[in-house]
Amino acid sequence: MANLHTLFSKFPTQIWRGTQGHSAGTKRSTGYESLDKALGGGWPVGSLVEVLAQGPGLGELSLVMPAVAACTRNGEGAAWLPAESLPYAPALAQVGMDLRHLLVISVQDDRQRLWAAEQCLRSGACAAVIMAPFAQARDRSLRRLKLAAATGGSIAFLLRAAGAMLQPSPASLRLSVEREAHDIRITLLKCHGQPPRSVRLQSSGSGH
Amino acid sequence: MAQSLSLELFPEPSPAEPSPQAEAVNARPQEWLGIWFEHLPMEALGIPSKSQEAIALVEGQGRNALISGCTVGASKCGIRSGQNVTAALALSSALRIIERDSRKEHKALRQLALQAQRFTPTVSLEEPDALLLEVAGSAHLFGGREGVMERAQEVFSRMGFTSHLAMAPTSLASLWLARAHQSICVSPASLGSRLGDIPIHIPAWPPALRANLARLGIKRLRDLMRLPRDGLVKRFGPTLVRQLDQALGRMPDPRITWQGILPCRLRRELPVESDRLELLLPFIMIMLDELSMLLRARDAAVDVIYLLFRHAGSPPTRFRIGSIASHRDPRQWQILIDTQLQNKSFPAPVTEILLISGSLRPYEAINHSLLSDEHDIAHETSKLLALLQARLGDAAVYGVSALADARPEQAWEMVAPGRANTEIPLLGRRPLLLLPVPQPLNSHNGLPGYRGAALKLMPSPERIAGAWWEGESWQRDYYQARSGDGTRLWIYRCGSDWFLHGFFS
């Protein structure tokens, strides 16, 4: 028994114990306290995060906005690859983003968009990349994005339709977003070292 | 001078202080080399001025056609500048008349300036046919002042241009001395007497002024310098006196340094015709290396490169490869060229490749810290931008900026990445996502519906009107709406129609 304990203490991160909490690794604060606690610090840096929602307007973007805005205020770049809707500059300024460090890349072809996202993640110039839904995101492309994020030390936020919940994905963090009355309910579908659970975010005064 | 203890109401200025203007002029002694190309119009067209053939240059049309320059052979027949063409033809029947080409002279002067840059970086153009070089700092590298003059004359005569050189402490003095055919080095002490010998027609003053001076009996600058200043200013205007002051070194005479902006042009003929990109890339790499060496020699970098592929029988194929930041590293350019040409094909086998650089920019070196291991984010960002633009096109990558305009579509604009302004607009709450074109909504009983379900409108709408001063007469009532499944929408009513404009995502 004593030998087993010394073994565990010698390799704390390599051996995962069933009751162990979250993985080690740098985290970036989400901006929401209850979410930070649930995720063990915040968004995991160097990985792919999937945010699933039924459609636009359910609060999936405002979930990731505080972290991305903090990156830009810090001087690190951020990139956004939208699909049809445009990022609206006045709203971004209201949320606290420093627009000088935001790069918008608007390409219609999915393959080009994946390539552009990979370049942004890998370069190290962008600390966060927001990607709008892809029509077909194959497992291989998602793995490439995850690898690029790990190489560049950035966070890849992939917004997807809720139908993709049933597809397996290599993302290290998957959550789905719904609205309940005035609050946002976040279901952590996949989080390293945790069983699925849900967190409820109180809305701020302005009615997010 | 002892400090007096009493407070003086009107303190006397200390006589030992020199005036700031004189101090500025005496601060750093300058050595100006003035070079005058006497026969530039003729030599720019490739005609040596010492040729025995009778050739003359003509300026003007029809009745106003006058001779503006001629070779030695022509002047032997009696032809001079300013004569009428018919008179000249009468003097020599074998005379060849060529029209003057000011564009070629313009280009020739710049090519001469480029060669002059090997003596000093401060080369100033004096249109139409002179150069001014400031050589105080670099004369010792060429063997002193006489050495510079000799070498410069050699360089220009090898290019086929006759030049007259003179060196003086001020730029205007060196120019006038060169024009007066006096190739001498003048020291500050003898500047006044040397300048005095120069005839009145040398400085480029208007003919009316020169006629006036001649009428007064003034033949040389010395006579002018003897006259009282106020009288000269009153009679001939301030320019004359100012130029004399500048030539004598009493007033500063700043000159604009010419930045050599001639682009680099490299050509390579292929030994074997081919239309496969991988066989063309090695040649492109060689040309990129050559370009990098040329840029290093001029301490410059480029931000745009044009590649021209010539085919036998088809029009040439052109590619433009641009980059956000200017640089001269051949490997960087290779990555950009690879990205852009990746899936492109050629209509016919390529016989020749031309590489033309855009205008040269001064090279800005980046300081990397020896000990730090964090990325230089700005450097990485510019590399990323160049890569994205090379593959996706310039219009696909941009930054966004908020504008102060009440109309929602005009409240933002696309800008170059990094150039956004950081004001926070004082507006009501705005949605994070905006639809490019507002989408019409179905309405039941006057209330809008989204995807079949009726929308619930939140209180406090916002009324936004068009720019009535520009003729836009619309008025929209903007509401925040909520649908059954929780979607937050930004909708507006115009008249009696409802439209969807954005999502509060």
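1. The model is predicted, so local features need pLDDT of at least 70, side-chain atom pairs count only at pLDDT 80 or more, and totals for chains, interfaces and linings use all residues. Residues are numbered from 1 along each chain as its sequence is written, chains are lettered from A and ligands numbered from 1 in the order in which they are written, and side-chain values use heavy atoms, with hydrogens and water left out.

2. Chain A has six helices and 11 strands, whereas chain B has 15 helices and 22 strands. Helices (H or I, at least four residues) and strands (E, at least two) are DSSP runs, numbered from the N terminus. Buried residues make up 51% of the 208 residues in chain A and 43% of the 505 residues in chain B. Buried means under 20% relative accessible area, exposed over 50%, and partly exposed in between (1.4 Å probe, protein chains only).

3. A contact is a pair of heavy atoms within 4.5 Å. Among contacts in chain A between residues at least 6 apart in sequence, 63% join residues at least 24 apart. For chain B, residues 24 or more positions apart account for 55% of the contacts with a separation of 6 or more.

4. At the interface, 46 residues of chain B are in contact with 46 residues of chain A. The area buried between the two chains is about 4200 Å², and carbon and sulfur atoms give 64% of that area. Buried area here is the accessible area (1.4 Å probe) that two parts lose on being put together, summed over both.

5. Chain B contains an open sheet of four strands in the order 5-6-1-7, with antiparallel pairing. Two strands pair if DSSP finds at least two bridges between them. Strand 5 (123–126) and strand 7 (164–168) of chain B stand at the edges with a single partner strand each, so one side of each has no neighbour in the sheet. Direction ignored, neighbouring strands of this sheet are turned by 20° against each other on average. Axes are lines fitted to C-alpha atoms, for helices over the stretch in contact, and angles run from 0 to 180 degrees between N-to-C directions.

6. Strand 5 of chain B is joined to strand 6 (residues 130–134) of chain B by four bridges, and the two run antiparallel. A hairpin of three residues connects them. B:Ser124 has B:Leu132 as its bridge partner in strand 6 of chain B. Helix 5 (residues 102–116) of chain B packs on the sheet and touches strand 5 and strand 6 of chain B. Both faces of strand 5 of chain B are covered: B:Val123 and B:Leu125 are buried on one side, B:Ser124 and B:Glu126 on the other.

7. Over all chains the count of disulfides is zero, a disulfide being a pair of cysteine sulfur atoms within 2.5 Å. B:Cys77 is in no disulfide, and the nearest cysteine sulfur, that of B:Cys70, is 9.3 Å away. B:Cys77 is partly exposed at 33% relative accessibility, whereas A:Cys191 is buried at 11% relative accessible area.
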